[in-house]
Every structure is written in structure tokens, then in C-alpha cells.
Amino acid sequence: MLPYKLRNFESWVFDLDNTLYPVTAKLFDQIDKRMCSYIANFLQLSRGEAYKIQKHYFQEHGTSLKGMMVNHKLDPIPYLEYVHEIDLSVIPQDKSMEEALDRLPGKKFVFTNAATDYAERVLKRIGIAHHFEDIFDIAAANFTPKPDPMVYKHFVKRYNIDPKNSVMVEDILRNLQPAADMGMKTVWVQTDRAWAHADAETTKPDFTTKNLTKWLAGVTNILEG
């Protein structure tokens, strides 16, 4: 399927981190370190031991937070506030992304495993916050992260979205499979992060790009053509 066939889709669903801004900003590196610090303090472990637990829970539960909640009864609110207290100045404003979203037909949503207040700050920093109908965050998902299929069902029901008339954009490949199973077209923003390539043998996105801004610009140019 060619990008021009996306012209009539009613809904666009975007992940946030390493998707709507480039992975080269290394924003998530800051979050990653703060997650490790919080877990180390909470469990009274060394940072090395905490890091192993953090990554194990990410692989097993979809987020380190979910693993900590299930196994250690961690309160998610203080955790989320702490890990998202980071420097956003590393994110570049993206006028080309803003223009592409402005030309892109359909409703646009952010579907993230992060928290809404953090997502709002990131979108404002990029200069694209006004394009989105809403942010579906980890709290809205009752702290159950992607790629749990039930969260996707809750998401589409909440906004009355027709999956077969929607496109989902993600940097973590395995998070696209439940969307594809529901009938969404999928776009993988490919990065150099190995953990974002998990399930590559079984998850086959409809489109792959290493630069979402350029890809969307190409799609919207076709739409205008």
C-alpha cells in the first residue's frame, strides 16, 4: 500500500517518546536514569541491581512501572512525577512537523505509556500541542501499558475510533501488533534502540521510516497533490 492511500483515514494515533521527536534528542535517556534512581531508592539496592530489575520489568510487563506495581506495590503517582522531572530543552522545535500535522486530515491523538502533564510539556516544546484531540496516558489505561490488547480496546472505545479507518505510529515495534490486529494501518518509526526492535520476526508494519517528520511531509504533499 502506498502512502497516498492514507488520504481518507479518519484517525491518527501517535506514540510520544522517540516518535514525535527524534531519538537523537536522547530525552528518554534522562528518564531512564531517573527510573533507575527511583527504583534503587525504593528497593534499597545499588544502581546496578536496580537497573537489571528495571529492564527485566520493562520486558516482562511493558513498563518498569507496571512491574514495580505488581511485584512491589509501588505508588505510581510519585514515581511518574519523579521520572518526568527532566530537561526538555534538548527537544528541538519542529516547524516541519507542525506544518505536516496541520495538513494531515483526520483527528489526531497521543497514546502514550507516559503521563499526561509530561506529554503536554513535550508537545508544547515541539510546537504541535494544538493539533491533538486528547492524550491517552498511562493513568487513563489504569496503569496497564501498551502492548496489552485490552488497553487498545479501551482507547478506541473511549474516543469512538474505527480501527479500520485509523493509523497508528510507534517507535516500539511490538506496540504496533495489537493495533494491526484490530485493523489499523501501522507506521514504525525505526530507531537504533535494540529494545524497540523486539518481535521483529512476527510484527510487520505497513510502513517504516527513520524520520517521521519527513515521512508525514511526504504523505501530506501527496494529499495536496
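User: Where does Gln 44 lie?

Analyst: Gln 44 sits in the loop between helix 1 (27-43) and helix 2 (47-61). Helices (H or I, at least four residues) and strands (E, at least two) are DSSP runs, numbered from the N terminus. The model is predicted, so local features need pLDDT of at least 70 and side-chain atom pairs count only at pLDDT 80 or more, while totals for chains, interfaces and linings use all residues. Residues are numbered from 1 along each chain as its sequence is written, and side-chain values use heavy atoms, with hydrogens and water left out.

User: What should I look for in the backbone at Gln 44?

Analyst: Gln 44 has a positive phi, near 55°. Phe 143, which is not a glycine either, also has a positive phi, of about 65°; this residue belongs to the loop between strand 3 and helix 7. As for the peptide bonds, a cis one joins Lys 146 and Pro 147, with omega about 10°. Pro 147 is in the loop between strand 3 (134-136) and helix 7 (149-159).

User: Which strands pair with strand 1?

Analyst: Strand 2 is joined to strand 1 by four bridges, and the two run parallel; Phe 14 stands opposite Val 110 there. Strand 4 also pairs with strand 1 in the parallel sense, over four bridges, and Val 167 is the bridge partner of Trp 12.

User: Which residues of strand 1 are on each side?

Analyst: In a regular strand the side chains alternate between the two faces of the sheet. Ser 11 and Val 13 are on one side of strand 1, Trp 12 and Phe 14 on the other, and all are buried, leaving both faces covered. Trp 12 and Phe 14 also form a stacked aromatic pair, 6.2 Å centre to centre with 20° between the planes. Rings of Phe, Tyr and Trp (its six-membered ring) pair if their centres lie within 6.5 Å; planes under 30 degrees apart count as stacked, over 60 as edge-to-face and the rest as tilted.

User: Which residues touch the most other members of the largest nonpolar core?

Analyst: A nonpolar core is a set of buried Ala, Val, Leu, Ile, Met, Phe, Trp, Tyr and Cys residues joined through side-chain atoms within 4.5 Å. Among the 53 residues of the largest one, Trp 12, Phe 14, Leu 20, Tyr 118 and Leu 216 touch the most other members. Helix 1 gives this core its largest share, eight residues. A second, separate core has 18 residues, including Phe 109 and Phe 136. Those two also belong to a cluster linked by ring pairs, together with Phe 111, Tyr 152, Phe 155 and Tyr 159.

User: Last topic: which side chain makes a polar contact with Thr 220?

Analyst: A polar contact is a pair of N or O atoms within 3.5 Å; within protein, one must be able to donate a hydrogen and the other to accept it, and residues adjacent in sequence count only if both atoms are side-chain atoms. The side chain of Thr 220 makes such a contact with the side chain of Arg 103, at 3.0 Å. Thr 220 lies in helix 9 (residues 212-224) and counts as buried, with 0% relative accessibility. For His 131, the side-chain partner is Glu 98, at 2.9 Å. His 131 is in the loop between helix 6 (116-126) and strand 3, and it is buried because its relative accessible area is 12%.

Conventions. Buried < 20%, exposed > 50% of the residue type's maximum accessible area, 1.4 Å probe, protein only. Pairing = 2+ DSSP bridges.
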